[in-house]
Amino acid sequence: MDKKYCAYICAGCGIGDALDMEALAEVVSGEMSMECKTHTYLCGNEGRSLIEGDVAGGVNTIVVGACSPRVMAREFDFGVDKITVRANIREQVVWSEVKPVEGQAPHKEAAAFLQESASDYLRMACTRAKKTLLPEPYKLEEINKTILVMGGGLAGLTAAKEASAAGYKVIIVEKEEKLGGKAAGWRKSFPSKAPWTDLEENPINSIIASVEGNDRITVKTATEVARISGAPGNFGVTFKAAGDKSEWDAPQKVTVDQQDLITKGEMQDPNAGLKKYTDLNPEALKVGAVVLATGWKPADVSQYQHLGYGKVKNVVTNAEFEKLAKAGKVPANVAFIQSPGGKDNDKDFPYCNSVTSMVALKQAQYVCQDNADGKAYILYQHMRTPGHMELYYKSAQNTDGIFLTKGSVMKVEESGSSLTVAVEDTLLGEDISLQVDMVVLAAGMEPTTLTEDSINLAYRQGPALVDLDLFDGYADSHFICFPYETRRTGIYACGGVRKAETMEEAVDDATGAALKAIQCIESTDRGVSVHPRSGDATYPEFFMQRCTQCKRCTEECPFGALDDDEKGTPLPNPTRCRRCGTCMGACPERIIGFKDYTIDLIGSMIKAVEVPEDDEDRLRVLVLVCENDAYPALDMAGMKRLGISHMARFIPVRCLGSVNMAWIRDALSAGMDGAMLLGCTYGDDYQCHFVKGSEIANKRMENIGDTLKTLGLEPERCAANQVAITDYDKIPQIINEFVDLIVEMGPNPFKGF
Amino acid sequence: MTDEQGTSGAVLVVGGGISGLTAALETAEVGNDVFLVEKGPSFGGRVAQLNQYFPKLCPPSCGLEINFRRVKDNRKIRTYTMTTVKAVKGGPGNYEVTLETEPRYVNSNCTACGDCTAACPDETANDFNFGMNNSKAIYLPHEMAFPQRYVIKKSALSPAGADAIKAACKYDAIDLDMQPEMFTINVASIIWATGWVPYEPTKMENLKFGQSKSIVTNMMIERMAAPSGPTGGKIVRPGDNKAIDSIAFVQCAGSRDENHLEYCSHICCMATFKQMSYVREQYPNAKIYVFYIDLRTPGKYEKFREVRMADANASFIKGKVADIILEADGGVTVVAENALTAEKITQKVDMAVLATGMQPSLGLQDAPAELNLDASGFIISDFDKAMISAGCAKKAADVVTCTQSSTAAALKAIQVSRR
């Protein structure tokens, strides 16, 4: 596109009162050689008409110097075929002016400081406008919209059924001979409606029938996925007979060090006999997205020796008891143990969630249904029956033959043909000893991902989902707000592999996962990103001629979007990419960039900041700010008029992971006196929307400190801080103290060189 | 009358809290048109009032900010605040919905510069902070409010106040003659994400809410703990601002009780454990007492509970609170029977927090459409009629379950036009 520029500066909201508008316009029209207009109220009808009139006359690249880009988004949106760049001179300049201490006169140059700051933001915005290109969405040559569902249990069947009901073709792969999974073995299911007291027919057979009779759904039983290669919209799936080994099995990740050992013959190649992860199987079936519903396995409870599982006969798990109940009559006197007990432990068995409390209530009901004088004892620490399940709990409390008490189970022993259960600290105010025919342990539901790769990706970063240890092995996301967003784009987990769930919850979960799969396919078809930069039409482009095969981008991508060839040259998969720019931040050769976000673009913005010489009141500190949390917090600080040093210059970045250390060098070599990163919390409870970005950026900053030292600069001139979006009250202090530190250190000695 | 016509397959989402926002975005990002309506002046709903989410102790505004950006960036979503559903006609695939927008008395000229609030002499109880402080009669709903536009509580505005704010506004944004506006839209399906209200604490007479300032609700604690709240983040006893030496949490305040809410509200145990963290951070030595029936912290929440139960200055008493007695020094005595020992427990504390439960919003009013409500007022989805419930309008749930169920609701809504 041939760019025709015009910049508009708003005088509203106090901007015109604080700044010399003419001088500001002069900076744009003079230094930046861009036509510039000012208006008293740019977001109003008249102001917008002014811009729209110019747009009609051919202006296609618009700079708006006014409020934060976070507000008035639609007022200053002139269409997807126009480039609009905002300079935030309201919140981050005029509203952030440091007020003099009460009773003191303002700094004699306060007005000049503010003017310089606003001028810099306009210089940066004009530079950005010149360097920004219109995005061209990445379109696959051919897109496949079929959805692969791994697992033919309740969750998988539901995902298939719901996706097909929206018009999509589905392939279900199930390793057993028959569909139905664990649910096929349930005698009854929990109540799902008022009055919440009656067990219901197990719906699994009717769901199986509707799936088997559905033209859009293909079922592959006794089959497993050997590997999934490719990317959303174009995954290639290789199947194999269940239990078989295949040369197409997904290879394990081999690190550079491990590869050395293998080459030297000091380590066995875990992938011997397997096709390389980049090899493409011509027979592979193409799909667009994947729902992972590989379910769960009953947890082993033999470790709780006092409970006797595996040693004492008639001590069974809840899963085993359900089988008995499905096959026929259950014993008449049964104790249900909900918590492993021992006096100090009031936790449930691991991997229970609230499901096993419900299961015990259901199975206690079987005892009473099957035996006229049946007695079921439920021994719990905390009954977990959330929501309306409380009413089922209450009805069990009122059922003759069901006895419930809190208590710590101390021992289960054989005594003749029956069992003795010793319980302490009960609600009955005394220790009790129960004689029963059978003991049922509330074993948890371990996700398949605890012990297997399950998803079997042929990716450079390995076959399994990552961060599993954070979620006890569940294929879960770490985001409360975005439960389906894992670090593998196009793959959405549901059912028992994601969480221990009741059937009702699994149905809902599977429906949600199916939606995400569909949404990923449709976004891929439009050539735009999925969450969290949903709709972003840019994607990273690589200038491969200059790649030195350092592998940093392939290693650091939080989403495993980059594969590589034999030599280590990255093989991008744009439809796996979430557009955080971590690859761009990692690249020492600076060969990765987006149409509207490049090393050169931000570097040029930094260089556009005017750096005065020999003036200790006019040091310059670059602050690269995560646009997701830290930038809104800065706006908030402005709204609260908290006052931020006039020496700071803020530039928003997609994620701290995208910060290339070249920018820090640019800033210091341009004579700026310090540089700071402001991003999200990292660690186990990370808040980074791109999972690893802020953590990676912090590591890079540690390294740049060493580089500074070798140049004779204080490493303290560079800092990184973690903030939350609610830290607007702390951010001014963080920045101002950093500026004070820089002032104390004195100007950058390389200034002017 | 403004009539808006969506393309076929358009979806109406009623309620702009975390569930409604999620349902709207997940639908629109597939490619369907969405109308998102919210009865309050800004989006974010109940979670916007929370200081932190459990178990990560992260701020809700972080996820809301991402969602607001997704809304701003997506031309498929049309948003309406101060708007409610008045009538629904037609059937699945072709509903005609009448909406009404209440007057905000501030028009779209508003730039959120804040000059009006500075000039406004009139104050009113701040509902966002449960009346624990005042706001001006013209105010921004809260600092992270989206849309960032002021609103007037006209009943609190004096004639002099009206003159003052009109004079202060440079942009002619004040319009005190604004009238309610009715309009209709056509949609294929409707997602009801109407959310919840905290159960009215005065209904439990034995718990004496309203009779002493030292008896507060768990939602009030969230506002107190929030840096943007009425006390700037400090948890103190309302009224005399006393620092907290002892505090009692009264679990199941209304929940699991056939005289009040017969169901379990799901979140209150975890909310209390979270609030224990707020208290502990500010008062390293304060005594904390938790009165409970069961501690419902299943699955991954067990670790969160374990850490807080290891607190040497926290006591956990299995027993439902029978009475709260007001004390002359401004504190209260909590009375309960310990279910394990059958002893009567009386514990004097500086402040008692009622862990009030969730009541579905529609349970308290006439539903504006033919909806299938259960006895408590939760909405039972009718997929054939394309009337779909999501989040806490469907069942009491934590945020992660709400965002999950709202994603599921998006698919059920989309299916209607693809049958």
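**Reading a predicted two-chain model**

Author: Chain B contains 8 helices and 25 strands. Please keep in mind throughout that this is a predicted model.

Reader: What scores does the model carry, and what is the mean pLDDT of chain B?

Author: The model has an ipTM of 0.97 and a pTM of 0.97. For chain B, the mean pLDDT is 95, with 98% of its residues at 70 or more.

Reader: How should I judge the overall form of chain B, and what radius of gyration does chain B have?

Author: One compares the value with that of a compact globule of equal length. A compact globule of 419 residues would have a radius of gyration near 22 Å; chain B has 23 Å, so the value agrees with that expectation. Along its principal axes, the C-alpha trace of chain B spans about 65 × 55 × 35 Å.

Reader: Into which domains is chain A divided?

Author: Chain A has domain 1 (1-136), domain 2 (147-297 + 447-526), domain 3 (300-443), domain 4 (541-592) and domain 5 (597-753). The centres of domain 3 of chain A and domain 4 of chain A, taken over C-alpha atoms, are separated by 54 Å.

Reader: How is a sheet to be read?

Author: Strands of a sheet pair through backbone hydrogen bonds, either parallel or antiparallel. A parallel case is found in chain B, where 5 strands form an open sheet in the order S4-S3-S2-S12-S25.

Reader: Which strands of this chain B sheet stand at the edges, and why is one side of each left without a neighbour?

Author: They are strand S4 (77-80) and strand S25 (387-389) of chain B; each has a single partner strand, so one side of each lacks a neighbour in the sheet. On average, neighbouring strands of this sheet are turned by 20 degrees against each other, direction ignored. Strand S12 (residues 189-192) of chain B runs parallel to S25(B), and 3 bridges join them. Within S25(B), Ser389(B) is the bridge partner of Trp192(B).

Reader: Where may I find antiparallel pairing?

Author: In chain A, an open sheet of 3 strands has antiparallel pairing and the order S19-S20-S21. Strand S19 (408-415) and strand S21 (432-436) of chain A are its edge strands, each pairing on one side only. Strand S20 (residues 418-424) of chain A is joined to S21(A) by 5 bridges. Ala422(A) stands opposite Ser433(A) in S21(A).

Reader: How many residues does each chain give to the contact between chain B and chain A?

Author: The size of an interface is often given as the accessible area lost when the parts come together. Here one may count residues instead: the contact takes 59 residues from chain B and 63 residues from chain A. On the chain B side, the elements giving two or more residues are helix H1 (18-28), helix H2 (60-73) and helix H8 (399-415) of chain B. H8(B) gives the most, with 12 residues.

Key:
Residues numbered from 1 in each chain as written. Chains lettered and ligands numbered in written order. Predicted model: local features only at pLDDT ≥ 70, side-chain atom pairs only at ≥ 80, totals over all residues. Domains from an automatic or database assignment. Contact = placed C-beta atoms within 7 Å. Helix = DSSP H or I, 4+ residues; strand = E, 2+ residues; numbered from the N terminus. pLDDT = per-residue confidence, 0-100. Pairing = 2+ DSSP bridges. Axes fitted to C-alpha atoms, helices over the stretch in contact; angles between N-to-C directions. Rg over C-alpha atoms; globule rule 2.2 N^0.38 Å.
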